[in-house]
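Dear colleague,

Please find the structure handed over below. The findings follow directly after it.

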Amino acid sequence: MREERLYDRIKGGIYGVAIGDALGGTTEFMTTREIKARYGYLKEIVGGGVWQLEPGEVTDDTMMTLCVAEGILENPAEPLEPIGRNFLRWYKSKPKDIGITIRHVFEKYDGNWFEAAVQADRDLDQSGGNGSLMRCLPVALAYADKADMERVTRLQSQMTHYDESCSEACVIYSRIAYRLLRSEDLRETIMSEVAGAGYEGNILDAPDCEPSGYVVHTFRWVLHLLLNSSSFSEVVQKAANLGGDSDTIGAIAGGLAGISYGYSSIPSGFSNVILIRNRLDEAASGLYSLRSSAAQGFEK
Ligand SMILES: [Mg+2]
């Protein structure tokens with residue numbers, strides 16, 4: 001029999017990424033002043049914005065999250081090859097929006113993701129963007145074994161981002177997601193997982209940084225929104241109204257909010273408008289089955 005509570009949290013996480021992305025995609029790169037003048041306070045998924053989105057259309061954040069989810073489902077013991085293959089297939093579909101680091105890695109890729117990531121870090125003089133954090137959630141949903149989860153979390157980040165601050169943010173994110181799946185308290189979980197990592201002084205009050213694509217700044221805003229909201233809707237709406245890298249902040253925060261509050265607490269006005277619901281449903285079911293299966297504990 002399906003364990004409904006766990007399934008509700010896993011599906012909430014996957015939809016949370018997509019809803020945060022679709023809602024925040026409208027205001028990406030805008031300032032708070034521009035958002036206020038145009039939308040007042042944006043509450044609904046309306047599309048438009050710099051990418052001229054259809055209402056309910058998602059961007060790279062959700063599409064790359066699905067690449068990771070589907071790669072893990074194809075081969076949970078050795079997921080990097082299928083994840084990478086999914087990345088390249090998505091890249092060949094000529095998506096409207098790809099981050100600078102990831103585009104560069106795709107251009108340099110010649111059979112070894114880690115080498116391409118090092119090359120991009122050298123060419124661009126940094127690779128501390130939020131592109132590996134925005135797609136990370138399926139790892140925590142898939143692996144019930146904590147050591148497997150942390151190993152795959154780190155590796156999936158290093159495929160494109162040769163920067164320890166990216167890997168570190170991904171590991172903290174996965175650990176929080178893992179505990180929320182076990183119905184632990186959102187606030188306590190965040191505060192204990194960030195302890196000693198340099199985030200704890202920058203998240204209770206509004207962070208003293210822009211809501212930018214730098215992974216440390218992104219993650220500060222994500223954690224701040226989660227700590228200062230009391231519903232799924234509040235988290236993703238606040239993210240959308242920040243502007244800057246609002247779709248990615250919304251996707252990352254929305255993923256954790258979706259796990260914590262559960263799919264059943266997400267208003268249908270959000271979930272029903274997402275255009276790729278079938279793919280999200282399949283990913284959620286697959287990840288639930290994988291996590292619940294007796295086949296956990298893969299070879300290292
Ligand atoms: Mg995006």
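In which helix is the place of L227? L227 sits in helix α11, where helices (H or I, at least four residues) and strands (E, at least two) are DSSP runs numbered from the N terminus.

Two remarks on conventions come before the details. This is a predicted model, in which local features need pLDDT of at least 70 and side-chain atom pairs count only at pLDDT 80 or more, while totals for chains, interfaces and linings use all residues. Residues are numbered from 1 along each chain as its sequence is written, and side-chain values use heavy atoms, with hydrogens and water left out.

L227 and its surroundings

With a relative accessibility of 8%, L227 counts as buried (buried is under 20% relative accessible area, exposed over 50%, partly exposed in between, with a 1.4 Å probe and protein chains only). Leaving aside residues up to four places away in sequence, L227 touches R187, I190, M191, I203 and L204; a contact means heavy atoms within 4.5 Å. The C-alpha atoms of L227 and M191 are 9.1 Å apart in space, and the two residues are 36 apart in sequence.

Helix α10 against helix α11

Helix α10 (residues 186-194) packs on helix α11 (residues 215-227) at an angle of about 150°, with the axes 10 Å apart. Axes here are lines fitted to C-alpha atoms, for helices over the stretch in contact, and angles run from 0 to 180 degrees between N-to-C directions. The angle makes α10 roughly antiparallel to α11 (under 35 degrees counts as roughly parallel, over 145 as roughly antiparallel, 65 to 115 as roughly perpendicular and the rest as oblique). From α10, the residues L186, R187, I190, M191 and V194 make the contact, and from α11, L223, L226 and L227. By class, this contact has seven nonpolar, no polar and one charged residues; Ala, Val, Leu, Ile, Met, Phe, Trp, Tyr, Cys and Pro count as nonpolar, Asp, Glu, Lys and Arg as charged, and the others, Gly among them, as polar.

T189 also has its place in α10. T189 is buried, with a relative accessible area of 0%, and touches I176, R179, L180 and E184, again not counting residues up to four places away in sequence.

Helix α1 against helix α13

The axes of α1 and α13 come within 6 Å and cross at roughly 155°. That makes α1 roughly antiparallel to α13. Among the contact residues are G12, G13 and G16 of α1 and D247, G250 and G254 of α13. The contact has three nonpolar, 11 polar and three charged residues.

The magnesium ion

The protein donors of the magnesium ion are T59 (OG1), D60 (OD), D61 (OD) and D247 (OD), at 2.0 to 2.4 Å from it. Donors are N, O and S atoms within 2.8 Å of the metal (3.2 Å for Na, K and Ca); water is not among the atoms, so the site may look incomplete. D60 lies in helix α3 (residues 60-74) and D247 in helix α13 (residues 246-261), so the pair ties together parts that are 187 residues apart in sequence. D60 is buried at 9% relative accessibility, and D247 is buried at 1%.

Backbone

F29 has a positive phi, near 75°, and lies in the loop between α1 (4-24) and α2 (32-39). K94 has a phi near 55°, also positive, and lies in the loop between α4 (80-92) and α5 (100-108). F29 is exposed at 54% relative accessibility, and K94 is exposed at 73%.

With kind regards
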